[in-house]
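We will go stop by stop.

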Amino acid sequence: MEDPSRDTIIGIDLGTTNSCAAVAGEEGTVRLIPYKGGDFIIPSIFAIDDKGHELIGHEAKRQWQLNPRNTLYATKRLIGRSPMDDVVESVQRSVQYRVHAGARNDVELDCQGRSFQVSEVASRILGKIRDVASDHLGFRVERAVVTVPAYFTDRQRQAVKEAGRLVGLEVVRVLNEPTAAALAYGLGKHLKEQVLVYDLGGGTFDVSIIDIRDRVFEVKATGGDIFLGGIDFDNAMIAYVLADFRRRHGVDLATDPVAMQRVKDLAERTKVDLSSRDAVPFSIPFITMTPQGQPLSIDMRFDRATLEQLTEPLIDRTLEILVRVLSDAGLKPEEIDRVMLVGGQTRMPAIQERLTAFFGRPPSKGVHPDEAVAIGAALYGWSLSAGGDRQLQLLDVIPMAIGIEQAGGETHVVFGRNASIPNARAIEATSSHDGQTELVLRMVQGDHPEAARNEVLGEFTFGGVRPCPAGEVRLEVIFDVNVEGILSLHVRDRDTGREMKSTVRITRS
Ligand code: AMP
């Protein structure tokens with residue numbers, strides 16, 4: 001290699017709870033990047049301690065219990081979101097740090113008296129991963145492929161790219177997590193298989209059907225819920241524990257951030273233990289005190305059956321989404337050659353049992369659920385650095401329709417759900433009043449016919465329209481969604497051929 005800094009493109013799985021990075025060698029063999037000798041995982045957590053020191057990853061996680069208000073975790077759920085989004089309110093209810101509206105129709109997070117944009121937090125985490133990778137590899141890493149849930153909108157993808165820019169890391173591509181997992185499984189095996197990836201991580205659920213034909217990976221359909229993940233399984237347990245405590249002692253632990261943090265930690269550990277055991281103790285000594293100063297403790301036992309009962313509605317939701325994706329792809333369960341599990345939460349036996357019952361055979365153990373996404377990202381990075389897309393062909397889809405908000409408030413769909421990408425489409429437009437010199441297009445993403453119920457992607461303003469009587473100027477608007485699922489627009493005057501490129505993208509609600 002001439003200049004490893006420029007030639008190497010690492011793969012980063014930027015997860016809701018944990019992140020992981022990998023790099024491919026010259027011949028395409030992949031290694032995960034270890035942190036301080038052993039662990040391959042860096043918690044996606046950022047904190048500031050009392051002395052004003054910024055802590056990222058393990059250091060931030062270690063002090064989480066003691067400093068819950070200034071420890072920002074699961075922030076991926078908020079990336080690229082507007083403050084009006086329902087998700088923002090429910091995140092606020094389940095985290096100890098404060099979330100508030102930012103200046104750019106985004107959300108900001110408070111940490112030790114400072115306010116951070118969500119992409120700044122993501123940039124800190126990406127920066128840490130980059131530094132760990134650079135130390136390990138012995139040169140400065142400058143470029144990466146970063147994975148995102150397939151269900152991310154254009155705006156969320158842009159925010160991830162922005163996060164890279166903020167720390168000087170070029171995000172060469174954003175790649176869908178299930179597609180990355182399929183690459184990790186199938187690249188170089190000369191397969192001809194229809195694979196369904198069921199990806200349930202810490203914060204998001206994705207399901208994609210991918211047709212693998214040797215080096216061609218074609219996504220047939222995708223679906224998901226960016227608000228359904230392991231954290232929700234923890235929250236179901238937490239709600240149960242709090243209700244039990246309230247019943248026994250008449251005390252609501254939800255108002256005590258330090259107690260809540262202890263319950264949260266133990267809930268997650270118990271959930272993980274219950275994947276391999278039938279019952280485990282759930283005890284936290286001296287969690288709080290009565291008004292009379294009497295110490296109170298949590299002392300329960302949790303069994304697998306209770307966990308399964310509490311979380312059944314969550315598993316049901318994943319199955320509903322899976323059924324819709326199968327139908328979008330026009331496939332029956334028996335036409336799927338392999339079901340692949342990705343994401344830590346898929347280790348829960350009940351999930352594997354439900355999938356076995358649905359497909360009539362157990363899911364495949366073909367990839368490591370925690371590592372496949374980073375490995376696939378590294379392979380893709382390697383294929384890009386080794387001479388463009390020649391090494392493999394990726395045909396992905398957009399997860400939700402992209403359209404224009406019309407004057408009456410309806411969505412005019414430009415690309416339907418599951419439209420393949422890269423993709424371009426042109427539509428004709430004209431001026432609506434005499435002498436109009438600007439064309440403004442408000443773009444939305446979502447499957448709702450009412451534009452206001454979809455996510456606003458931005459308002460594109462094109463200046464320099466030829467002033468004419470209303471309806472006379474003939475404009476062609478070209479919409480382009482690139483291989484990453486990111487939208488761009490340009491406008492052409494059909495009579496003069498003049499291009500109007502001065503696109504201003506303002507995102508406001
Ligand atoms: P990921 O984002 O893929 O790292 O997934 C993390 C999620 O998987 C977290 O919610 C973990 O609690 C959960 N998880 C990890 N291991 C297990 C396990 N053995 N059983 C159940 N959930 C697990």
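Select Gln112 in the loop between S9 and strand S10 (114-117); strands here are DSSP runs (E) of at least two residues and helices are runs (H or I) of at least four, numbered from the N terminus. Its phi is near 50°, positive in a residue other than glycine. Gln112 is partly exposed, at 30% relative accessible area (buried is under 20%, exposed over 50%, partly exposed in between; 1.4 Å probe, protein chains only).

This is a predicted model: local features need pLDDT of at least 70, side-chain atom pairs count only at pLDDT 80 or more, and totals for chains, interfaces and linings use all residues. Residues are numbered from 1 along each chain as its sequence is written, and side-chain values use heavy atoms, leaving out hydrogens and water.

Next, go to Asn105, in the loop between strand S8 (99-101) and strand S9 (107-111). Its phi is also positive, about 55°. Asn105 is buried, with 11% relative accessibility.

Now select Pro422, between strand S22 (420-421) and strand S23 (423-429). The peptide bond from Ile421 to Pro422 is cis. Most peptide bonds are trans, and most residues other than glycine have a negative phi.

Last stop: the ligand. Show the 13 residues around the ligand, meaning those with a heavy atom within 4 Å. Helix H8 (residues 257-273) supplies the largest share, three residues.

Then check the polar contacts (N or O pairs within 3.5 Å):
- Glu268 side chain to a ligand oxygen: 2.6 Å.
- Lys271 side chain to a ligand oxygen: 2.8 Å.
- Ser275 side chain to a ligand nitrogen: 2.6 Å.

Methods. A polar contact is a pair of N or O atoms within 3.5 Å; within protein, one must be able to donate a hydrogen and the other to accept it, and residues adjacent in sequence count only if both atoms are side-chain atoms.
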